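These are my notebook entries on a structure that was new to me. I set down what I looked up, one topic at a time.

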Amino acid sequence: MKKTIAMLLAGMMLAGALTACGGSSGSSASNAEPAKEETTEAAADTDAAGTAEAAVAADAASTTEAAAPAEDAGRTFTVGFDAEYPPYGFKDEESGDYTGFDLELAEELCKRRGWTLKKQPIDWDSKDMEINSGTIDCLWNGMTYTGREEDYTWSEPYVDNSIVIAVNADSDIQTKADLAGKNVVAQAASSADTALVNDPGDGSNDENLKLRESFASYETIKDYNDAFMNMNAGVYDAIAVDIGVAQYQLAANEGKYRILDEPLSTEQYAIAFAKGNTELRDMVQETLNEMAADGTVDEIVAGYAEYNLPEMLIIGKDK
Amino acid sequence: MSLFEINNVSKSFGDLTVLHDISVKVEEGEVVAIIGPSGSGKSTLLRCATMLETMDKGSLLYLGETAAHNNAEGNTVYASAADLRRIKGYFGLVFQNFNLFPHFSVLRNLTEAPIHVQKRGREEVEAEAREMLRKMGLEGKEDNYPQQLSGGQQQRVAIARALTMNPRMLFFDEPTSALDPELTGEILKVIRQLAQEKMTMVIVTHEMAFARDVADRVIFMDGGYIVEEGRPEDVITNPREERTKQFLARFAGQGSIDE
Amino acid sequence: MGFMSIVQQIIGGFGTTLFIFFFTLLFSLPLGILFALARMSKFKPLNWFMQVCISILRGTPLMLQLIVVFFMPFYVFGIKLSAGWRVYAALIGFSINYAAYFGEIFRAGIEGVPVGQHEAAEVLGFTRAQTFWKIVFPQMVKRVIPPVTNEVITLVKDTSMAFAIAYVEMFTLAKQVAAQQSSITPLFVAGLFYYVFNFVVAWAMGRLEKRLSYFE
């Protein structure tokens, strides 16, 4: 559906304007330094194990006749993410590099496979066009799997994420029932928004839909950081938000906010690949499983304890 | 062979015919004044002669070279671009509103075309331009910009600009109409001086005394026709046609005729 | 969180913003002249075509145009996009869009040059090209400085739209730092950068205008 719309738009604009009246520009600037793209040369410090891994990967790939040369050791693995989505993906103050729980996992994964990781911050609204057009290999950024099962080819879920309600610390809101007559906000196109708006038609989401109707107003906003600043300023009374993001805001602004006990919904995070790209998914899953099995994932997630991430992790827990 | 020759020219703007089958010849060294009321077609005739306007019918020749001729259907056909470019070098035009190039200095207004159109040497052209400015009483104004000059000075620069192209003849389109009355004298003086030097000139003007004084021949136009043509003392002092008399009567009170 | 740390992080993005800014001007100003000439062409099909182009470029959001330019090769021609394409797509999108605006400004500027200037040039024997470049163009430049200044200042701010195609410039970076710090300060810092830069742009254009004030 989205693809069709994009096609239509592109076709229209193409026919109307851009092909012919634009031909003369653009082709120069060959010495243009491409935008800020942080690439991690994982291949450079490949150890023996890594090389072995790569060899295995290459072997496995040679048996499948794939369209894309996804199997190459030394290939670039481009992760699309929202750089305003801590703690999953954000800009590190010290190094200036993009980091986050998901990106750290991706770094380790690329190191093991001998791939070069490219962290590509994207406009989250354009994520489908980005992944379909091949500019990124996957969306790995606290990406909600629940409810989008059919839209992408998914890894196994690795984080259990609840949607919660965050309020100002001194707010009189204690339960979901208290939200009646209040002004509530969520990030546009976020899973919290989906949880409040999505009507599957089978009554399964009626509770949340009713809850939303009890609000005085419900709005969406460009990003959660804005939402929290707005709530702090009194514009909104409550924010529907992924728990990890909420924990991050609570930690960064001590004593300003709190989270209601009742979650809005529970959902899971997984890594999204372009629909049909099972080959790449399988390679990523394989290495991720190894990382979970040998405790590397636990090591990485320990660095995000303040956001409650270790409790939310489900990969390698009971398998 | 006449220096300038326009034959049987007709010109219409939509339904309005502004020139009816007009012919004018100008000989080397001759000064011709064209007079007539507004809308008489005299400016259109000048614009057709200088090819700023295209003719519907009629032919146009300079020094016997054809700039435009009638085809079999009797409609005007112009010569090739290369021929026209050469022929345009034979004449210069001085506008009512000067039309100096405001972004060029006075000197560059004069030298730009000789250098870049006629491909003459810069030094030679600049020397000639300075001499021309001196002759026009504009010495020391070389580096000024047009807007720093008075109207009369600007018009003298415009005349100098036309002359620096070394044309065989000059057209003037009401050269004093945009000037304050006290400034017209300096322009008329310059034109008189050119007449004494035997410059061939066609002047569209409202200055009757000047026309009578400087012109060898006067053409009176009205309604797109040449009503009367002849020596200035005949046309201006003793007009035969009623319309000429009526037109000149309007100037009688100004005393300029008998000046 | 240090203020200097914020400035340091944002300053990297400022380079990208400047890069988009200068290259967009470099391409869109000459392209704008071509657009203006095509728009005024006596050859009707070209004239109409240009009118439609300009109408679309001015009538649809720049962000949409950037997205269309960037994704078009894939969605229309099925070409897989490479990472390097982002910068070219951004420059093409910005340049064409701004050329449309500049084109209309230039057209008004060219048409504002009195017809007497053309006639004087014609009588003196200048070719059409000479008339345009020697006589009309310099006078047009003077006329269009104020509206062009407006567009240039808008361009400085519009560079933030490059992120629609994931080309990270200063404002996006500032938002990322804002998210990292959970603070609004980085956005003010970015605002300060824009303001100072636009102040310089306005000053430079003002000087240019003054330099051309010797004629009217």
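**Entry 1: a helix pair in chain C**

At what angle do helix α1 and helix α6 of chain C pack, and how far apart are their axes? I worked from a predicted model. I found that α1(C), residues 3–39, packs with α6(C), residues 128–158, at an angle of about 140°, and that the axes lie 12 Å apart. The two helices are therefore oblique to each other; the cut-off for roughly antiparallel is over 145 degrees. I noted the crossing of α1(C) past α6(C) as right-handed.

I then looked up which residues make this contact. From α1(C) they are Thr17(C), Phe21(C), Thr24(C), Leu25(C), Ile33(C) and Leu37(C). From α6(C) they are Phe132(C), Phe137(C), Val152(C), Leu155(C) and Val156(C).

**Entry 2: chain C overall**

I turned to chain B and asked in what order the strands of its sheet lie. The sheet is open and has five strands, in the order β2-β1-β4-β5-β6, with antiparallel pairing. At the edges I found β2 (16–26) and β6 (76–78) of chain B, each of which pairs on one side only. Between neighbouring strands the average turn is 20°, with direction ignored.

I followed one pairing further. Strand β1(B), residues 4–13, and strand β4(B), residues 57–62, are joined in the antiparallel sense over five bridges. I noted that Asn7(B) has Ser59(B) in β4(B) as its bridge partner.

**Entry 3: the helices on the sheet**

I looked up how helix α1(B), residues 42–49, is placed. This helix lies across β1, β2 and β4 of chain B and runs at about 120° to β1(B). Helix α2(B), residues 81–88, packs on the sheet and touches β4, β5 (65–70) and β6 of chain B. The direction of α2(B) makes about 125° with that of β5(B).

**Entry 4: where the chains meet**

Lastly, I asked how many residues of chain C are in contact with chain B. I recorded 19 residues of chain C in contact with 23 residues of chain B. The two chains bury about 2000 Å² between them, 62% of it on carbon and sulfur atoms. On the chain C side, Val123(C), Leu124(C) and Tyr214(C) lose the most area to chain B, together 32% of what that side buries.

Notes. Residues numbered from 1 in each chain as written. Chains lettered and ligands numbered in written order. Predicted model: local features only at pLDDT ≥ 70, side-chain atom pairs only at ≥ 80, totals over all residues. Heavy atoms only, no water. Pairing = 2+ DSSP bridges. Helix = DSSP H or I, 4+ residues; strand = E, 2+ residues; numbered from the N terminus. Axes fitted to C-alpha atoms, helices over the stretch in contact; angles between N-to-C directions. Contact = heavy atoms within 4.5 Å. Parallel < 35°, antiparallel > 145°, perpendicular 65-115°, else oblique. Left-handed = near helix turned anticlockwise from the far one by under 90°. Buried area = accessible area lost by both parts, 1.4 Å probe.
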